[in-house]
Amino acid sequence: MTAEPVHPAAKTPDKAPPVAWNPENKQQRRNRTSRRCCCSCCLWITIIIVFVLFLAAVAVTGGILYALYRPHRPTFSVTSLKLSEFNLTDTTLTSTFNLTLTARNPNKKITLVYDEISVKILSGDIGIGEGYFTGFVHGRENVTTLKIKVASSSNSIIDGADIFMLKSIVKNGDLPVKIQLDTKFNKFGKVKAKTLRMRVTCDGINISVPTNKTATFGRISKARCHVDLRFKVIHI
């Protein structure tokens, strides 16, 4: 009988040696962090430089425009204020005012174009009448008379403290009032200026509450109007 040849047992292939993990050393981490900080610093320095240059350009442009046009803010004064109705209950207020203002544009080279002008009449901080003027063109060195009816018709006053305060004022028979105008410019000269806002506040006015349906007129000899110009940078 012939013996079958004996084959050697097949060797199991050795497993691949594990890949050694080579952690990043402290110096490499430090270098990478330094590069990040350097990039951030460069970015912020660039932003600051651009911002400073922008401010400088605005200042130079503003200086040139001021030198050329010598702009002045408009002025306002109260010509008359008539109160023909004032009825105050525990929840509502009904009032009717007739207001006349004089607006002056003192600029020799600048025409002002106003957007709609909202009007509020307040006693203290309590609104007692509202209205608005339509926008208009205020010519150079022009004087314009503005007339408006300002009313509060059956508007509920929510805050009871306002009612109490207003009633205590009315009992004295003399109502101190403040007139507030708010608007923005469509144009300031040839420049579009919709971010330029204007608030006019006229105070120093007193008026008696009418009785027996007889209208009363405000005492305006001490009235003064203050014009505040402001820029609205962010639009919402």
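Predicted model: local features only at pLDDT ≥ 70, side-chain atom pairs only at ≥ 80, totals over all residues.
Biologist: What is the handedness of the link between cysteine 202 and cysteine 225?

Modeller: The link of cysteine 202 and cysteine 225 is right-handed, with 110° about the S-S bond. Cysteine 202 lies in strand S10 (residues 196-208) and cysteine 225 in strand S12 (residues 224-231), so the pair ties together parts that are 23 residues apart in sequence. Strands (E, at least two residues) and helices (H or I, at least four) are DSSP runs, numbered from the N terminus.

Biologist: Is cysteine 202 buried or exposed?

Modeller: The scale is relative accessible area: buried means under 20%, exposed over 50%, and partly exposed in between, with a 1.4 Å probe and protein chains only. Cysteine 202 counts as buried because its relative accessibility is 0%. Cysteine 42 has a relative accessible area of 42%, so cysteine 42 is partly exposed.

Biologist: Which elements make up the chain, and in what order do they run?

Modeller: There are 2 helices and 12 strands in the chain. From the N terminus the order is α-β-β-β-β-β-β-β-α-β-β-β-β-β.

Biologist: What share of the 236 residues counts as buried, and what share of the contacts joins residues at least 24 apart?

Modeller: Of the 236 residues, 28% are buried. A contact means heavy atoms within 4.5 Å. Taking contacts between residues at least 6 apart in sequence, 67% join residues at least 24 apart. The chain exposes about 16700 Å², and carbon and sulfur atoms supply 58% of that area. Such areas come from the Shrake-Rupley method with a 1.4 Å probe; for residues, only the protein chains shown count as cover.

Biologist: Which residues touch the most other members of the largest nonpolar core?

Modeller: In soluble globular proteins, nonpolar side chains tend to be buried together. A nonpolar core is a set of buried Ala, Val, Leu, Ile, Met, Phe, Trp, Tyr and Cys residues joined through side-chain atoms within 4.5 Å. The largest core has 43 residues, and Phe76, Leu99, Ile128, Ile179 and Leu181 touch the most other members. Leaving aside neighbours within four places in sequence, isoleucine 179 contacts residues including Val78, Leu99, Val119, Ile121, Val200 and Cys202.

Biologist: How many aromatic pairs does the structure hold?

Modeller: Rings of Phe, Tyr and Trp (its six-membered ring) pair if their centres lie within 6.5 Å; planes under 30 degrees apart count as stacked, over 60 as edge-to-face and the rest as tilted. The structure holds 2 aromatic pairs. Tyrosine 114 and phenylalanine 136 form a tilted one, 4.9 Å centre to centre with 40° between the planes. Tyrosine 114 is in strand S3 (residues 112-114) and phenylalanine 136 in the loop between strand S5 (126-133) and strand S6 (137-138), so this pair ties together parts 22 residues apart in sequence. Tyrosine 114 and phenylalanine 185 have ring centres 5.3 Å apart and planes at 35°, so that pair is tilted. Phenylalanine 185 sits in strand S8 (residues 174-188), 71 residues from tyrosine 114. Ring pairs link Tyr114, Phe136 and Phe185 into a cluster.

Biologist: Are tyrosine 114 and phenylalanine 185 buried or exposed?

Modeller: Tyrosine 114 and phenylalanine 185 are both buried. For tyrosine 114 the relative accessible area is 2%, and phenylalanine 136 counts as buried at 15%.

Biologist: Where are threonine 100, threonine 75 and threonine 91?

Modeller: Threonine 100 is in strand S2 (residues 92-104) and is buried, with a relative accessible area of 12%. Beyond its neighbours within four places in sequence, threonine 100 contacts Ser77, Val78, Thr79, Ser80, Thr145, Leu146 and Lys147. Threonine 75 is in strand S1 (residues 75-88) and is partly exposed, at 36%. Threonine 91 is in the loop between S1 and S2 and counts as partly exposed at 47%. Its C-alpha atom is separated by 7.5 Å from that of isoleucine 163, 72 residues apart along the chain.

Methods. Residues numbered from 1 in each chain as written. Heavy atoms only, no water. Disulfide = S-S within 2.5 Å.
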